[in-house]
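My notes follow in the order I made them.

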Amino acid sequence: MKEKFLYLQFEEAIQAQMQAHADPQTALAQAAYLRHLFPFLGLKKPLRAELLKGVLVDFPILKNDFFDKKAFYALLERLWLLPEREYQYLVLNLLEKKGKKNDFDEGFILLLERFALSKSWWDSVDGIAPLVGLYFKKYPQNRMLYLPKWYESKNIWLQRLVLIFQLSYKENTDTELLFKYIRLLSAEKEFFIQKAIGWALRQYARTDAQAVRLFVEQTPLAALSKREALKHLK
């Protein structure tokens with residue numbers, strides 16, 4: 001009970017701090033950058049990090065002595081539903097901090113899936129992707145439970161996750177899996193899918209440039225995907 005109250009105190013304190021530092025002029029520019037899809041408080045990244053660090057000192061919800069998974073997940077869901085975009089960033093920052101130990105349970109993927117489907121845009125989905133990557137490193141047996149479902153969903157954000165969750169895997173990249181989904185999605189006209197294909201290939205080219213060159217030569221890809229894939233290759 002004490003731990004749950006701590007999460008409520010954290011929620012109240014972080015909202016108060018963020019609202020107190022709101023900057024309407026910055027908010028207008030930030031909203032314009034994301035096509036006015038979301039309202040903003042006007043908090044830039046360094047300030048958000050500073051505010052979060054300070055509140056976590058007073059309300060250490062991430063420390064093992066206080067951590068309550070159920071209360072933590074409930075907190076994240078409440079914050080995610082708040083209108084201003086900084087609250088979705090806050091959720092991703094909290095997950096990133098907690099995810100450093102990758103001690104999430106097997107059901108954690110369902111939370112990430114819900115976040116990917118709510119208030120979706122490239123900025124939030126690209127923040128979710130590294131967490132999906134951590135999850136599938138810990139539970140590789142679940143890849144074939146979720147990746148086919150996400151691909152078949154026809155939801156561009158879930159499909160984008162299928163393409164980019166391995167961005168940090170380097171030599172541990174499952175190239176068979178990566179190339180398979182790129183081939184399946186290569187004919188898509190959606191900008192965010194074409195861009196993700198190019199991004200995934202460009203990133204893997206840092207590990208195996210020859211494999212990427214050969215794949216691009218042998219695979220029909222959209223011009224955008226091909227251009228992005230080969231951007232840093234001579």
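I began with what covers the buried residues of H11. Among the covering elements I found helix H7 (122–138), helix H9 (156–164), helix H10 (175–185), helix H12 (209–218) and helix H13 (223–229). Helices here are DSSP runs of H or I with at least four residues, numbered from the N terminus. I note that this is a predicted model, in which local features need pLDDT of at least 70 and side-chain atom pairs count only at pLDDT 80 or more, while totals for chains, interfaces and linings use all residues. Residues are numbered from 1 along each chain as its sequence is written, and side-chain values use heavy atoms, with hydrogens and water left out.

How many of the 15 residues of H11 are buried? I got 11, so H11 is largely enclosed by the rest of the structure. Buried means under 20% relative accessible area, exposed over 50%, and partly exposed in between, with a 1.4 Å probe and protein chains only. The buried residues include Phe192, Ile197, Leu201 and Tyr204. Arg202 and Gln194 are also buried.

I then checked the length of H11. It runs over residues 191–205 and reaches 21 Å from its first C-alpha to its last, close to the 21 Å expected at 1.5 Å a residue. The expected span is 1.5 Å times one less than the number of residues.

Next I looked at helix pairs. Two packed helices are described by the angle between their axes and the distance between the axes. Axes are lines fitted to C-alpha atoms, for helices over the stretch in contact, and angles run from 0 to 180 degrees between N-to-C directions.

H7 and H9 pack at about 45°, with their axes 9 Å apart. That makes H7 oblique to H9. Angles under 35 degrees count as roughly parallel, over 145 as roughly antiparallel, 65 to 115 as roughly perpendicular, and the rest as oblique. The contact (heavy atoms within 4.5 Å) involves residues including Trp122 and Val125 of H7 and Trp157 and Leu161 of H9.

Helix H6 (residues 108–117) packs against H7 at about 165°, with the axes 10 Å apart. That makes H6 roughly antiparallel to H7. Phe108, Leu112 and Phe115 are among the H6 residues that meet H7, where Ile128 and Tyr135 are among the partners.

Is lysine 98 buried or exposed? Lysine 98 lies in helix H5 (residues 85–99) and counts as buried, at 5% relative accessibility. Its side chain reaches the backbone oxygen of leucine 62 at 3.4 Å. Not counting residues up to four places away in sequence, lysine 98 touches Leu62, Asn64, Phe67, Phe72, Asp103 and Phe104.

Threonine 26 sits in helix H2 (residues 24–33) and is buried too, with a relative accessible area of 16%. Its side chain makes a polar contact with the side chain of aspartate 23 at 3.0 Å. A polar contact is a pair of N or O atoms within 3.5 Å; within protein, one must be able to donate a hydrogen and the other to accept it, and residues adjacent in sequence count only if both atoms are side-chain atoms.

Last, I noted two loop residues. Histidine 36 has a positive phi of about 60° although it is not a glycine, and is exposed at 59%. Lysine 170, in the loop between H9 and H10, has a positive phi of about 55°.
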